[in-house]
Amino acid sequence: MRRAVLIAATALVAGCPSHTPGVQTPQPEPAAADDRALRLQVANAEARRAGGVAELVELVHRGDAHAVQLAERGLARIGDTSQVHSPDALALAATLDDDVPAIGPGDPPLRQALVLGRRGRKKLALTPAERAQLAAWTNDAGADLRYAATWALAREFEPPADDVPIAALAARLDDEAAETRAVAIDGLGKHHALEGPGSGGFRGKLGAALRDPDWRVRIAAVRALADDEAGRGAIAAALDDAADERVVIEALHLVQKHGGEPAIAAWLGELHAGADPLARGWIECLATAALQRAAAHPDYAAVEQCGHGQLDDAHRLPLVADLVAAGVADLAARRAALRVLAEHPDARVRAAALPALSALWYDNDQLDRQALVAQLASAIASPDLIVAASAVDAAPAMYEALANAPARAGLDAAVAARAEREHDVELSSDLYTLIGAQHITAGARACRAGIAAPEPVRSHAAFECATRFGDPGAAKPAVQPAAPPPVDVAAVIGHDLRLHLQTSRGEIVIALRPDVAPWACAAVVSLARKGFYDRTEFHRVVPGFVVQGGDPTGTGAGGPGFTLPSEPALASDGAGFITGAVGIADAGRDSGGSQFFIMHARAPHLDGRYTWFGQVVSGQDVADALVVGDQIVHASVEDR
């Protein structure tokens, strides 16, 4: 969940909280003074990974109940459960490995519903009995069980054609809880169930939801309705100049390809941006790009110059790259636009141009095609991490275009060479995955060497790559010893800390939880005190779900120069990923750094997978209002 590609879909990773989701449960007090030595011992053992297992096992065998709980949580986080007996810790270990925990015979309905909801992530179907039970629970008097059951039905993978889940979801459109209404709308949209009984069907009710009092429900309605022309017409009719800017921006992203539809064209032509300068820039530029897609004679300059100075090149010019990739305008115009982007001094703009290369392949002659492949190969070798990462992301589409063309050899060589020398956790993992998927034999050696990498996400990607080549010597990677991050964990354990983020829209105050995630808290505190976060952007916003920042490059690919051990919470540790929860963004186990995210709404699928290290205590309205490009003006830490 680092680079801005999820989650902008959400990464549906599993978690198994047995607490009541969404309820602001009392937060445990910071550890007492005489508890600090134990917590520091466990934290250091955890951070050493395989090197600390023996010490944690010793605590399991010889410690008191409190020490055993902390030690078992540590072992679960490391991935060594041979001496773990707590169901809570075992469930955490399964979730962190992206497995679906089993449902026990005595598990309460709330836990059962949450576990069933995680099956969608693994593409596991529900049985008719499970589906019927969830439908019954959507009518429960308890708001939390209603939400969990609705969420589980909304996430089901390829549900059957019967109307049981659809009727249950439709019944929740009038639920008293906004988050339940929103997730019901998500489910109906995902299952393409807008046609329902009665006048107007469900589409009519979703149109009414565009005026729901809760902005997250309005966002969900926009996403569900954007899939067909009638729904888009409802969006155009409902979102006038008085509409919430967040909702308008999301709608504009979703209707980009449909600017030629009469209702959408009229809406785009009449749409006037709101008062906020940054939001105004986004609305104007997104509307301009959508109109140019449908224009008889598209004009790239209209998009290149939109925004009246409110959007900088790094935010505005990727919209031009999208037009090139979509085939808007003639080949000469697209070539010229792409050339400008490729030569731009900002690496973020150059990176945005790369996905369009494969789209141009089909319209060019052989000589130009070779130049396009060479350009992508050069980008893979780029010293700019974001350019190389974008090139690797763009490579599968180019491979599809190339098939077995001779030009593929140069691209293969560039991928293999980068994989041999790359140490960034996320990029090297993506390279191993690409090598395996495209069967790049020149890269097999890099995959075999990567199995020994200390970071689990790298070693597992390398192992999967090596198995694609039938390597008989490839052994499944074990947990490796590691060095603790270069931050002072003792400075946060036992302290009552508040992180103050003064943003371009106001202040957000976060209560940190070093009792749950000491390394994450220590890193964030250390970086904040050094001014690391000052003037950094919120580079990823998925409205109604999450806002993400903390990357000094503003791309989703940057970090502090070190990685953190994953510290997901036990179900008993606190409320988890509810509205206002704060977590560490990562690309897999033990790959987080400085990037963090703040929740707009609860997300049970993140519990037990991502490190939860704090909760917003004031300024949630500020976090909800952020758009891409807003900044952290200054970050500071209060030790209470």
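Colleague: How many helices and strands does the secondary structure of the chain come to?

Modeller: Keep in mind that this is a predicted model. Going through the chain's secondary structure, you get 28 helices and eight strands.

Colleague: How do helix H21 and helix H23 run relative to each other?

Modeller: H21 covers residues 366-380 and H23 covers residues 408-421, and their axes lie 9 Å apart. The packing angle is about 5 degrees. Angles under 35 degrees count as roughly parallel, so H21 is to H23 roughly parallel.

Colleague: And which residues of H23 make that contact, and what kinds of residue are in it?

Modeller: By kind, the contact of H21 with H23 has seven nonpolar residues, one polar and one charged. H21 brings Val373, Leu376, Ala377 and Ile380. From H23 come Gly410, Leu411, Ala414, Val415 and Arg418.

Colleague: Now the second largest cavity: which element gives the most to its lining?

Modeller: This cavity has a volume of about 60 Å³. Its lining is made up of Arg39, Val42, Ala43, Glu46, Leu70, Arg73, Ile493, Pro514, Asp515 and Pro518. Two elements give two or more residues, helix H1 (36-47) and helix H3 (65-78). With four residues, the one that gives the most is H1.

Colleague: How many residues of that lining are charged?

Modeller: Among the lining residues of the second largest cavity are Arg39, Glu46, Arg73 and Asp515. The lining divides into six nonpolar and no polar residues, with the charged ones coming to four.

Definitions and conventions
Residues are numbered from 1 along each chain as its sequence is written. This is a predicted model: local features need pLDDT of at least 70, side-chain atom pairs count only at pLDDT 80 or more; totals for chains, interfaces and linings use all residues. Side-chain values use heavy atoms; hydrogens and water are left out. On a 1 Å grid over the protein atoms alone, a cavity is a set of points where a 1.4 Å probe fits but cannot get out, and a pocket is an open set with protein on both sides within 12 Å along at least five of seven lines; lining residues have an atom within 4 Å of a point. Grid points are joined across faces, edges and corners, and a volume is the space filled by probe spheres set on the points. Ala, Val, Leu, Ile, Met, Phe, Trp, Tyr, Cys and Pro count as nonpolar, Asp, Glu, Lys and Arg as charged, and the others, Gly among them, as polar. Axes are lines fitted to C-alpha atoms, for helices over the stretch in contact, and angles run from 0 to 180 degrees between N-to-C directions. Angles under 35 degrees count as roughly parallel, over 145 as roughly antiparallel, 65 to 115 as roughly perpendicular and the rest as oblique. Contact means heavy atoms within 4.5 Å.
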